[in-house]
Amino acid sequence: MDLITKDDYEDVKYVPGPRRRVRALLDIIDCRGDLVADAFSSLFSKSGGVADTDTGSGEYGTLVKKHRQVLLRRNQSMMPYNSRVGEKVHLLDLFTDLLLVSGHHSTELKRHQLLSLGQQRIQLQEGCQLAILPQQLFQQSPSRVLVTGVAGIGKTALLQKLVYDWAGGQCLHNFQVVLQLAFRDLNLIDQPVSFRNLVLRKNGHLAKLLDLVFEEAQKLLVVLDGFDEFKFCSIVDGDRYVMDPDEEAQLPDIINSLLRGELLPEASVLLTTRPTAVTYIPVETIDRFVVITGFSEKEIRNFFLKYYRDEGLSSRVFQLVKENHFLFTLCFIPAFCYIVCSVLKEQGATGHNQPKTMTDIYSRYLTMLLKHHARPQPQGPGALTQMLHNLCRLAYSKLLQHDTLFCQHDLQAHHIQLNTFVNSFLDRTCVQEPDCVEGIFSFAHFTIQEFLAALHYVLEPQPFPDVLDMDTCRMDLGYLDIFHRFVSGLLSERNQSLLSKHLELGNVTKLEDYHMWLLEGITESCEKGSSILNLLHCLFEQQNHSLAERITPRSLHIHVGDNVLCPVDLSVLQYFLDLQIGDVVELDVTATNISGEGLRTLQPYLQQCESLWCGENKLDSEAISCLCELLKSRNYRLKLLGLGWTDIGNEELMELCSALKENRTLQELWIEGCSADYDGILDFASVSSTNSTLKKVVFIGHSLEEGDTERLKQELSPAALGLIVAGFCDDRQLWQGWCDWVRQRCYTCTDDKLLHFLHKIFPCHRPSSRLWWVQQWCTALQELLQERIDRCRLAETRRKLQKLQGTISLHC
């Protein structure tokens with residue numbers, strides 16, 4: 001129709017990317033005037049579209065069918081951790097249903113913790129109505145769904161099953177195309193790339209289909225697996241957006257744009273990660289949060305049946321494991337359920353000499369593999385041991401680099417040759433490069449890498465760098481938690497004895513140095529009130545009572561807050577408290593998701609506490625009843641009880657009031673952020689009529705309406721008026737303890753936890769900046785934040801700290 005010239009056509013043709021070509025064409029049409037624009041519109045409407053996107057017909061349908069076949073083939077098999085070359089298990093033969101629940105844990109709980117969620121997982125056994133089916137993940141479109149879960153919980157297996165079922169036409173029927181990407185593969189890309197080329201690296205068969213897929217993005221699902229393994233995860237939440245699939249950009253910017261809907265806004269995204277990396281995800285873009293809580297008891301039994309393929313044997317082994325609290329808790333994590341089955345199958349599943357700790361399980365797993373491959377090696381009698389040493393060295397170096405993926409040249413650099421033994425630990429995948437297919441390796445599971453890295457530390461006389469150096473530990477706070485537990489367990493006498501049958505171990509000097517490091521760390525944490533849970537796990541891994549007797553802190557401040565406590569965590573805490581080192585000055589279980597059952601587990605030890613912090617937990621009725629029983633007890637020594645941000649209402653207040661009328665020890669009760677209203681606080685004030693010991697009850701961030709504070713002052717008796725504090729005032733002495741507590745939490749928190757904690761105070765329930773003590777207090781917090789900013793290595797976290805510092809500066 002000659003609406004544009006040949007030169008115009010050539011100009012448009014060579015613009016990169018279909019979206020930019022369309023924009024260039026429309027700009028030219030617009031410049032030609034209304035007549036040309038009308039003619040173009042008429043021509044466009046008559047064309048009726050450019051292709052048939054019905055998946056059942058035409059070239060589009062043929063290519064989609066081929067894509068489904070490719071994904072079926074790629075996802076039909078699972079690789080067991082100790083499989084031989086070429087040995088695979090069909091996905092459906094081993095996959096067992098996982099328990100998924102809507103919602104997410106607070107984003108400040110980012111630590112790398114193997115067994116977190118255990119407590120909630122067990123509670124959910126009785127409330128499976130909360131569970132959701134995998135095919136129910138997407139209830140609206142477009143949607144961005146984040147699936148979180150700890151190491152080994154089954155995130156990758158879940159995605160594999162979802163994609164397999166979609167490819168077989170069994171679920172996710174509202175999506176015509178699913179694109180499956182793994183961050184461990186994306187780690188290989190360190191140059192600018194377009195999203196189109198990103199997809200085509202492993203899906204070249206989609207070359208003719210992608211333009212239509214991008215145009216019909218509302219029918220597209222992009223699956224991104226293993227965000228925590230992404231080496232650029234800490235810089236994803238940036239401010240540069242990519243809007244065209246053909247625009248080349250740095251990989252973090254493409255991922256950020258995809259999550260924010262700047263790139264393919266009508267597409268849906270399914271993202272998985274460990275809780276450790278949630279802080280780096282722009283969570284405001286997520287439409288739905290899902291937590292994988294692993295196996296229920298029923299699924300553990302089903303997994304045993306699938307593994308042993310013998311109902312009688314699987315029942316006997318299941319009963320044996322269920323009687324061992326530690327082993328049973330491990331089995332809620334699918335990866336460890338498999339390893340436990342392997343170890344128990346090897347040793348005959350007898351009840352004698354059962355493993356007690358996580359390292360015990362892995363050490364027996366290793367010896368099982370060593371025994372299986374102990375036949376004479378072509379390279380000589382010591383070849384097997386040397387191969388293990390080389391693998392451990394690789395695991396250690398890559399762990400310190402935060403790297404889970406490596407290439408052939410990495411194997412060569414560590415003198416590792418592929419054979420049946422090495423393949424028991426490594427997983428291999430192939431990536432299509434522009435001119436070749438490259439083999440990429442990883443350890444079969446991240447915890448296996450952590451275990452072997454710990455073994456390297458134990459075997460190497462002078463590992464470099466030495467991760468037990470305190471500066472290194474602070475630099476990677478939380479990242480090396482599991483590694484430290486493995487180191488402790490491997491240095492224990494029982495595992496030294498077990499492994500010495502296969503490896504040369506002679507680390508008496510290192511053992512004593514480690515004992516000194518562990519004792520100093522526990523002592524310092526007890527005296528300063530620093531976070532101590534992982535050190536207690538390390539002590540538990542030792543299973544050494546004589547070592548425990550050498551712990552002699554001057555005071556006992558036990559801080560396990562900001563960690564979701566599972567049954568194993570509580571067992572570890574009980575193990576430490578049973579040592580009876582001394583009276584507990586302070587026990588902090590803030591933000592641990594502790595329930596009434598957990599408090600009852602600790603009840604015998606709570607009798608010894610002078611201060612107990614239970615804030616930032618949703619305390620159920622059983623938890624309140626447990627605390628009230630303690631308050632009524634004549635042997636209870638508690639002087640201070642913190643219940644801030646526990647959503648306590650009028651009913652719970654009255655129960656506490658009743659218990660406090662019989663109590664003669666408690667002096668302070670802090671209930672910030674409660675949901676009690678005017679009537680509840682007024683009724684609670686009656687405690688002053690019979691209790692003269694209680695000096696202060698603090699309500700701030702409460703549900704009082706405007707004017708209620710003044711009404712309370714008029715209604716309360718003089719005794720109650722001196723007891724109840726319902727708002728900030730200019731009495732610095734009154735608030736000194738609160739200010740000290742805030743500063744203490746800030747000093748002991750990681751950067752992420754500190755941000756979450758202070759955001760609850762600023763601006764939601766902040767004291768008035770007109771108060772002179774508030775100005776001094778805020779100045780001190782500003783100085784603390786500046787120290788954190790100067791030390792912070794992560795740009796995004798540093799930006800958030802600076803923003804918070806600016807908020808607090810308004811009160812100085």
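**Buried loops and packed helices**

Leu-264 is buried, its relative accessible area being 0%; here buried means under 20% relative accessible area, exposed over 50% and partly exposed in between, with a 1.4 Å probe and protein chains only. The model is a predicted one, in which local features need pLDDT of at least 70 and side-chain atom pairs count only at pLDDT 80 or more, while totals for chains, interfaces and linings use all residues. Residues are numbered from 1 along each chain as its sequence is written, and side-chain values use heavy atoms, with hydrogens and water left out.

Leu-264 sits in the loop between helix 11 (251-260) and strand 7 (268-273); helices (H or I, at least four residues) and strands (E, at least two) are DSSP runs, numbered from the N terminus. Most residues other than glycine have a negative phi. Leu-264, although not a glycine, has a positive phi of about 50 degrees. Ala-591 also has a positive phi, near 55 degrees. Ala-591 is found in the loop between strand 13 (586-588) and helix 27 (596-606), and with 7% relative accessibility it counts as buried.

Next comes a pair of helices. The axes of helix 19 (residues 446-459) and helix 21 (residues 481-490) come within 8 Å of each other and cross at roughly 50 degrees; axes are lines fitted to C-alpha atoms, for helices over the stretch in contact, and angles run from 0 to 180 degrees between N-to-C directions. This makes helix 19 oblique to helix 21, as angles under 35 degrees count as roughly parallel, over 145 as roughly antiparallel, 65 to 115 as roughly perpendicular and the rest as oblique. Contact means heavy atoms within 4.5 Å. Among the residues making this contact are Phe-451 and Leu-455 of helix 19 and Phe-483 and Phe-486 of helix 21.

Helix 29 (residues 650-660) has a buried set made up of Leu-653, Leu-656, Cys-657, Ala-659 and Leu-660. Viewed down the axis of helix 29, these residues fall within an arc of 165 degrees, so they line one face of the helix; the arc is that of the directions from the helix axis to the C-beta atoms. The buried residues of helix 29 pack against helix 28 (621-632), strand 16 (668-670) and helix 30 (678-684).

In the loop between helix 29 and strand 16 lies Lys-661, which counts as partly exposed at 33% relative accessibility. Leaving aside neighbours within four places in sequence, Lys-661 is in contact with Ser-686, Val-687 and Thr-690.
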